[in-house]
Amino acid sequence: MAGLLVTFAASSAFPAMAEEAGADQGQTEVRSGWIDENLGPGVARWVDENGNISDQPGTQGQTPEDGGEAGAEGENQGSQESQGAQEGQESQEAQESQEQVPAGRQIDPAKPMVALTFDDGPYAPVGNQIMDCLALYGGKATFFVVGSRVSAYQAELQRMVAEGHEIGNHTYDHKYITKLSGEQIQSQVNQCSDAVQAATGVRPTLFRPPGGYISSASLAHVQAPAIMWSIDTLDWKTRNAGKTVNAVMSRVRDGDIVLMHELYSQSGAAALEIIPRLVEAGYQLVTVSEMAAARGGAVSGGVYSHFYP
């Protein structure tokens, strides 16, 4: 399939997400929870038990006042000691997974296939759940990760690589590249790829623009295929597993690229239902690169929302 280079205007297809969260510490009663979640993925901020709001969207844990580094987005993961124990366990699991990777994976280009993609991670509690289910059904997925989150979940990323999943680039700070200079775009892309490569030894080859915002001018600085989607589940907005499942199963077809997000427990729950139902319906669950290779390839500078036969 030939790459189609297009310019996307901000529209209902790619809802704009606020650049800055609107709450301040004096106006929220939330404790140990998220605020501004309704503004979309990559925007919400964490409020600790003392009412301190993280300076950087999408992070939780120790605030700058605590003198520590912020953790990753999601539910409160407790003390640094418990995080270290979790990381150690994940590292061991990743090592074991690497030894169990089956060789010679075959994709039949004549059979229907779907690429499940998950943005805005890594986030191990959801990502590992998705990978556990994919392992049961022989499926693979593509995870478009935010580079600034990589160091918190290196073991999860190592498992992705060990089990044959694909890691894509979603910029380092979840920046809308149409608002950046060429130099800033290159920095966002390179920093993310560097972080992934340092953690896994593998460098991403695919790019997904945050928010879906892209133009021919911005794409020229990315130097990679831009992967969009043909099914937008709006899981970040609905936070409802049933609606996410229905968004996929009601209209899925051979060659679709499905957009979901790794950050939300409801999306993980939806994936546990979507994965077996797609397999039972006869679909191969493949990475974006696997599907592209079977359907004519993807080139740098191209924009792809599906790979229909």
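Which residues does F118 touch, if we do not count residues up to four places away in sequence? Taking contact to mean heavy atoms within 4.5 Å, F118 touches I130, A141, T142, F143, F144, M260, H261, E262 and A271.

Before I go further, a word on what we are looking at: this is a predicted model, in which local features need pLDDT of at least 70 and side-chain atom pairs count only at pLDDT 80 or more, while totals for chains, interfaces and linings use all residues. Residues are numbered from 1 along each chain as its sequence is written, and side-chain values use heavy atoms, with hydrogens and water left out.

Now the overall picture. The protein has 9 helices and 10 strands, where helices (H or I, at least four residues) and strands (E, at least two) are DSSP runs numbered from the N terminus. Of its 309 residues, 50% count as buried; here buried means under 20% relative accessible area, exposed means over 50%, and partly exposed is in between, with a 1.4 Å probe and protein chains only. The protein exposes about 13600 Å², of which carbon and sulfur atoms supply 47%, and these accessible areas come from the Shrake-Rupley method with a 1.4 Å probe, where for residues only the protein chains shown count as cover. Among contacts between residues at least 6 apart in sequence, 72% join residues at least 24 apart.

Let me return to the interior. By a nonpolar core I mean a set of buried Ala, Val, Leu, Ile, Met, Phe, Trp, Tyr and Cys residues joined through side-chain atoms within 4.5 Å. The largest such core has 38 residues, and F118 is among those with the most contacts inside it, along with V114, L116, F143, V145, I274 and L278. Several elements each supply at least two residues of this core, including β3 (113-121), α2 (124-137), β4 (142-145) and α8 (265-280). The largest share, 6 residues, comes from α2. There is also a second, separate core of 25 residues, which includes L219, I227, L259 and V286.

On the α2 side, V126, Q129, I130, C133, L134 and Y137 meet S265, G268, A269, A271, L272, I275, P276 and V279 in α8. By class, this contact has 11 nonpolar, 3 polar and no charged residues, where Ala, Val, Leu, Ile, Met, Phe, Trp, Tyr, Cys and Pro count as nonpolar, Asp, Glu, Lys and Arg as charged, and the others, Gly among them, as polar.

L134 and P276 are 142 residues apart in sequence, and yet 8.5 Å apart in space, C-alpha to C-alpha. Not counting residues up to four places away in sequence, L134 touches G139, K140, A141, H165, I275 and L285.

Turning to the backbone, a cis peptide bond joins G121 and P122, with omega about 5°, and P122 is in the loop between β3 and α2. Two further loop residues deserve a look. L234, in the loop between β7 (231-232) and α6 (235-238), has a phi near 55°, a positive value in a residue other than glycine, and L234 is partly exposed, with a relative accessible area of 32%. R239, in the loop between α6 and α7, has a positive phi of about 50° although it is not a glycine.

Finally, is Y213 buried or exposed? Y213 is found in the loop between α4 and α5 (216-219), and counts as buried because its relative accessibility is 8%. S187, by contrast, is in helix α4 and is partly exposed, at 32% relative accessible area.
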